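Welcome to this set of exercises. Have a look at the chains first, then work through each task before reading its solution.

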Amino acid sequence: MERVGTGVTRRVAVTGMGVVTPIGQTVESYARALQEGRSGGGPITLFDPADLPTRIAAEVPWTGPILRDRKVTFALEAARQALEGRRPPGVGGLSLGIGLELFSMDDLAARARAGFVPPTTLAERLTFLQTPSDLCVHLISQRHDLRAPPLTHVSACAAGTDAIGSAFRLVASGRRDWVLAGGADSMINPLGVAGFARIGATTSANDAPQRASRPFDRRRDGFLLGEGAAFVLLEPLEGARARGAHVHAEIAGYGSSFDACGISEPHPEGRGAYQAMSRALAEARITPEEIDSVNAHGTSTPKNDPVETLALKRLLGPRAREVPVSATKSMIGHLISAAGAAEAVAAILGLQGGWVHPTINLEEPDPACDLDYVPGRFRAHRQRHVLSTSFAFGGQNAAIVLRSADA
Amino acid sequence: MTGAGHVLGVPCDAAPFLKVRKNRKFMGPQDELAVAAAGRALVSADRHQAPLGEGAGLYMAVGYLPFEQEHLDQLLQSSVDAAGSFAPERFAREAFTSLNPLLTFRCLSNMPAFHVSVNFDVQGPYLVSYPGAGQLYLALEEAVEALRARRVDVALVCGVAYQGNALVAHHFSRLGPAGSLAPLVDAAGCLVLERADSAGARARARLLELGSEYAPFHPFETRVEGEERATGAALPAGALGPASLPVFVSLGLGAELRHEVRTADGLHGWSAWGPA
């Protein structure tokens, strides 16, 4: 029996969304790409991967001006989309899942060369060699005059979901008037790609980048690294309705947990994943029977997918095989600290539109992964509650329950 | 508050608190600092005998990404061409194979939280934040809220900063002229919070006041000056990053304490603590 907290006193609405992803840089184009089952995979073009074991990724096809640290550009654009023309009354805040500080190999080499002259302006100095990730926080807060203390989340692959979940709590408990919540990340750089490849986490299906991310498939061999940003605008439901704001969905509950187990492998029975999901349902005051679909973490790694399946079976019980489970990472790759936010937006789009997006590249199901993962094509599916999950290296697990605005 | 613990300086020995010794190879100095401080805090709270389990939450702020000079040198030496420019072919062929894969884990900001969770069996909710003392204040607010809402029975509030390394030194050096900033200190602190009704006679201090505020600023145009003030006990010398509050409270445990910090990331946090 999960404990039900007493801190949630207001219902929380999603009244704005913004995305920059490998398959769509607006909410509308993202929705179309999700329905079409489009892959963002391709050869790495942002740097020369030479003979690294992983030479593919899901890059954002960004054509506009870009700051040196790509995630900052993505974050600013996604935040703009979510907030522009939708600003609620009161003092706004930010809850942001952010990735590792960008580390530049070119700068490291430049610094060691004879005659090197350090950069002079504050902007150049702050982005030389290593760009602190909290730049994102201050640039967004300054641009949109967000005056409530901003929360940062560095829980790795769970950070995007944690950012939305904790923002939900801030609004639900009355501690913030409204919060812009999401995640931003880009690790498609030499150290990012090499670091993940060195520990065997990424796919090496270099000859078939669009088919490389294949969650729950027998032939999966690691995740496809992606990049991007996504935000949702959260405010009290009552206030949103009173001011006539369009309500996309509600955030109904949030749960998090530690596996307290392995550093890179989940608890063998999915204990932590189950705890996080159960806690989210308890906070939403719903039973597992009321979950209509799941947006899975679904990394396409050998270790994650079967354990996530086990945890979902335990949570959903006899209905487990009847509940559609979609893996957005099959299309956009793994956005790391932005993953949970981009996947929450995908889930909300499906909730609004009455569909679940497909898990693409699922052609030969792993016998240990025997749920309905919506293989191949999107499906019409009316839903009231969707569960969206993220599980991180280091055993941090997060889940949120999304509720239809019509419920 | 039922307990507090801290560590100042590295190397520090987390060995007495390691329940999962095979994970030692994954631990960098920041991880050791976090585990040692949490272990000392749990001993102080008399909560070290039994695993903490589902009723315990962890609320942690970590400092900027640490990276040692020797690893930077190794990376550089195996990644450049004869002219000293980054050479992708060499990087893929030599740097990739020569770098210890464990470095990847040591670079992840959530690893101190992992090591605390696994050694003390923390299975409850968490917040892992970054990079300064202001974010530690926000983590403390979340911990207090989780206790009030009865989502947890025990909350560990930890701040950890391993700053005596090349990358963190690089970061701070660019914020101001050489010598203008307080010396960076490697530190970790941890506070054990419980509700008064369950703490009973184990209560060591009470949180009397807690607040935070923020002024947005443009980081490319404005440099925010940091400032830390305290009464009731001496502030440790130097800049402790997110460890500053828990180390101060641990040092002054039992006294009337007031702490206030304005950080370079625009946050202002303050708290007051009294005897139980």
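A crossing of two helices is called left-handed if the near helix is turned anticlockwise from the far one by less than a right angle, and right-handed if clockwise. The model here is predicted, and local features need pLDDT of at least 70, side-chain atom pairs count only at pLDDT 80 or more, while totals for chains, interfaces and linings use all residues. Residues are numbered from 1 along each chain as its sequence is written, and chains are lettered from A and ligands numbered from 1 in the order in which they are written.

**Exercise 1. Two helices of chain B**

Task: Describe how α1(B) passes α5(B).

Solution. Step 1: find the elements. Helices (H or I, at least four residues) and strands (E, at least two) are DSSP runs, numbered from the N terminus. Here α1 covers residues 29-44 of chain B.

Step 1: look at the axes, which are lines fitted to C-alpha atoms, for helices over the stretch in contact, with angles that run from 0 to 180 degrees between N-to-C directions. The axes of α1(B) and α5(B) come within 8 Å and cross at roughly 40°.

Step 2: name the arrangement. Angles under 35 degrees count as roughly parallel, over 145 as roughly antiparallel, 65 to 115 as roughly perpendicular and the rest as oblique. The pair α1(B) and α5(B) is therefore oblique, and the crossing is right-handed.

Step 3: list the contacts, meaning residues whose C-beta atoms, placed from the backbone, lie within 7 Å. From α1(B) come B:Gln30, B:Asp31, B:Ala34, B:Val35, B:Ala38 and B:Leu42; they meet B:Met111, B:Pro112, B:His115, B:Val116, B:Asn119 and B:Phe120 of α5(B).

Step 4: sort them by class. Ala, Val, Leu, Ile, Met, Phe, Trp, Tyr, Cys and Pro count as nonpolar, Asp, Glu, Lys and Arg as charged, and the others, Gly among them, as polar. This contact of α1(B) with α5(B) has eight nonpolar, three polar and one charged residues.

**Exercise 2. A helix pair in chain A**

Task: At what angle do α9 and α10 of chain A pack?

Solution. Step 1: α9(A) spans residues 271-284 and α10(A) spans residues 304-316; they pack at about 45°, with axes 9 Å apart. Step 2: these two helices are therefore oblique to each other, and their crossing is right-handed. Step 3: among the residues making the contact are A:Tyr274 and A:Met277 of α9(A) and A:Val307 and A:Leu315 of α10(A). Step 4: by class, the contact has six nonpolar, one polar and two charged residues.

**Exercise 3. The five-stranded sheet**

Task: In what order do the five strands of the open sheet in chain B stand?

Solution. Step 1: strands pair if DSSP finds at least two bridges between them. The order is β1-β5-β4-β2-β3, with mixed pairing. Step 2: β1 and β3 of chain B stand at the edges with a single partner strand each, so one side of each has no neighbour in the sheet. The twist averages 10° from one strand to the next.

Step 1: follow the pairs. Six bridges join β1(B) and β5(B) in the antiparallel sense, and B:Val7 has B:Ala188 as its bridge partner in β5(B). β4(B) and β5(B) also run antiparallel, joined by eight bridges.

Step 2: check how covered β1(B) is. A residue is buried if 20 or more other C-beta atoms lie within 10 Å of its own, exposed if 12 or fewer, and partly exposed in between. In β1(B), six of six residues are buried: B:Gly3, B:Gly5 and B:Val7 on one side, and B:Ala4, B:His6 and B:Leu8 on the other.

**Exercise 4. Where the chains meet**

Task: How many residues does each chain give to the contact?

Solution. Step 1: chain B gives 69 residues and chain A gives 63 residues. Step 2: α3(B) gives the most to the side of chain B that touches chain A, with six residues. Step 3: by class, that side has 38 nonpolar, 17 polar and 14 charged residues.

Technical notes. Two residues are in contact if their C-beta atoms, placed from the backbone, lie within 7 Å.
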